[in-house]
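Open the model in your viewer and keep the sequence beside it. We will go stop by stop.

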Amino acid sequence: MPEEDLLELKFRLYDGSDIGPFRYAPSSTVAMLKERIVTEWPRDKKIIPKAVSDIKLISAGKILENSRTVGQTRTPFGDVPGGSITMHVVVQPSLPKAKTERKVEESPKSRCLCTIL
């Protein structure tokens, strides 16, 4: 693939620091980008994603779907020749199922305590 067809992307983290820039083919999927983010994530951060499912990528105000390609997600008005596209990374660690199940079991049952006079 010619060098000029590659897109330069960088990923902005929650604290304002960046990962990248990296060059990707327009046929690269969002899932591939997320895998790269997980492997390149700085280990000195408080929040560290453990899996691809812990990450959401946002570009031009839209959450990107894993099955879409970089070429499908880029906006035509944001392209600057030779420029880098910044995508924002949101980390939402998944909760263990045991904790959520226990919460449901421990929640008090609501009972009607109405008094008719």
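The tour starts with confidence, then visits the sheet and a helix.

**Before you click.** This is a predicted model, where local features need pLDDT of at least 70, side-chain atom pairs count only at pLDDT 80 or more, and totals for chains, interfaces and linings use all residues. Residues are numbered from 1 along each chain as its sequence is written, and side-chain values use heavy atoms, leaving out hydrogens and water.

**Colour by pLDDT** (the predictor's confidence in each residue, from 0 to 100). The protein chain averages 79, and 70% of the residues score at least 70. Confidence is highest in α1, at 92, and lowest in helix α3 (residues 97–106), at a mean of 54. Where pLDDT is low, the predicted coordinates should not be read in detail.

**Select the strands** (DSSP E runs of at least two residues; helices are H or I runs of at least four; both numbered from the N terminus). Five of them make an open, mixed sheet, ordered β2-β1-β5-β3-β4. β2 and β4 (62–63) are the edges, each with a single partner strand, so one side of each has no neighbour in the sheet.

**Zoom to β1 and β2.** They pair (at least two DSSP bridges) in the antiparallel sense, over five bridges. Find L9: F22 in β2 stands opposite.

**Now select α1, residues 30–40.** Which residues of this helix are buried? V30, L33, K34, I37 and V38 are (under 20% relative accessible area, 1.4 Å probe, protein chains only). Look down the axis of α1: the buried residues fall within an arc of 140 degrees (directions from the helix axis to the C-beta atoms), so they line one face of the helix.

**Last stop: their partners.** The buried residues of α1 pack against β1 (7–12), β2 (18–24), β3 (55–59), α2 (70–73) and β5 (85–91), with contact meaning heavy atoms within 4.5 Å.

Methods
Buried means under 20% relative accessible area, exposed over 50%, partly exposed in between (1.4 Å probe, protein chains only).
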